[in-house]
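Let's take a walk through a protein model together. We'll ask what sits inside and which side chains pair up.

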Amino acid sequence: MALLSKDHPMVAAQTLHSRNQTDTHDKRGRFLRDLRISVIDQCNFRCTYCMPAEVFGPDYAFLRRDELLTFDEISRLVDHFAGLGARKVRLTGGEPLLRKNLANLISRIRRIERIEDIALTTNGVLLPRLAQDLKEAGLDRVTASLDALSDGVFKKMNGRGIAVATVLRGIDAAENAGLPVKINMVVQKGVNEQEILPMARYFREKGHSLRFIEFMDVGNYNHWRMDEVLPAQKIIKLLSQEFELIPLVPAYPGEVARRYRYADCEAEIGLIASVTQPFCQGCTRARLSADGHLYTCLFASQGWDLKGYMREGIADDALSEKIRQIWIGREDRYSEKRKALLQKHLHSHKVEMSFIGG
């Protein structure tokens, strides 16, 4: 794998650009700190809460290769976001490991000044083959999605009949490569809440952090209903019946998970309660879709076509200013307004999660 040295002209230009920029905050005083990049809209799962098979079937028109952001375009954008305050990059999808030569992109991002952390969210299936290369390229950590330990439940939820053992092998491969691993479990009432305790027991013993995520109304096709949300408070109450849990202070400003440590070990759990305990006031995330649009909220209905600006030949200074203006005009707080919108039966078409990741 060919890596760019720090003396390469492109790297030198990126470093100079990033060093000369300043932090940027939106209309609600939220700084830009995190950049999530969907590198591909395709996935090898068909999870019912994200890409249900009845919609994303064999005839679904995924993006062509020329419609995706190139690695050069992604690297250029990361440099500009870093110059405006971004410190963390998370690569998502779809399933990001379906994007060929992803390690090459990671190595490029690793060399951009001010980027302190590079993470990856994956279903884990391809990690046994790729984890070591990702680590060597500069990946810092992995988040693996797993919604149950029961094969029957998990196969139904992932929509492809993929066994739990397949994901567990991927988690082990990441750990063996030296990558810290967190596990994300989406909890859907009436579907997999009986898996909460088995998941907690298993990953407590493995020493991995496990995060429970409330079922959210992302995209347009997951048939979300409020009565299928198991509130985080009920999850922690259930866990507390078996485990003594110690609340932890946030590790950094804008952390979305409310974390707890088991009293008798160092393993942690976290709860992401976007529905019942919105955290919009601390959100520092910008999102780049697989087709190059910038979205300022997971639940947004429209984005800005940064890929179009770049392919039309926009200069670096103008591109940076365009991104800055978008962020300083940001007012998003969908999760805080969700209840009122539902009461008024106001529904908007949202971008699909496969386009912008979680």
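What follows goes from the nonpolar core to the cysteines and then to the charged pairs.

Keep in mind that this is a predicted model. Start on the inside: the largest nonpolar core has 114 residues. Phe-81, Leu-91, Phe-212 and Leu-239 are the ones with the most contacts inside that core. Pick Leu-239 and look around, skipping its neighbours within four places in sequence: Leu-239 is in contact with Ile-196, Leu-197, Ala-200, Phe-212, Leu-245 and Ile-269.

Now for the cysteines. How many disulfides does the structure hold? The count is 0. Take Cys-43, which is buried at a relative accessible area of 15%. Its closest cysteine sulfur belongs to Cys-47, but the two sulfurs are 6.3 Å apart, so they are too far from each other for a bond. Cys-265, for its part, is partly exposed, at 22%.

On to charge. Side chains of opposite charge can pair when their charged atoms come close. Here the count comes to 20 salt bridges. One of them joins Asp-316 and Arg-76, at 2.9 Å from N to O. This pair links distant parts of the chain, with Asp-316 in helix H10 and Arg-76 in helix H2, 240 residues apart.

Another salt bridge brings Asp-264 and Arg-204 together at 2.4 Å. Asp-264 lies in the loop between strands S8 and S9, while Arg-204 is in helix H7, 60 residues apart.

Finally, look for a network of salt bridges: Asp-26, Arg-30, Arg-330 and Asp-332 are linked in one.

Methods. Residues numbered from 1 in each chain as written. Predicted model: local features only at pLDDT ≥ 70, side-chain atom pairs only at ≥ 80, totals over all residues. Heavy atoms only, no water. Core = buried A, V, L, I, M, F, W, Y, C linked by side-chain atoms within 4.5 Å. Buried < 20%, exposed > 50% of the residue type's maximum accessible area, 1.4 Å probe, protein only. Contact = heavy atoms within 4.5 Å. Disulfide = S-S within 2.5 Å. Salt bridge = Lys/Arg side-chain N within 4 Å of Asp/Glu carboxyl O. Helix = DSSP H or I, 4+ residues; strand = E, 2+ residues; numbered from the N terminus.
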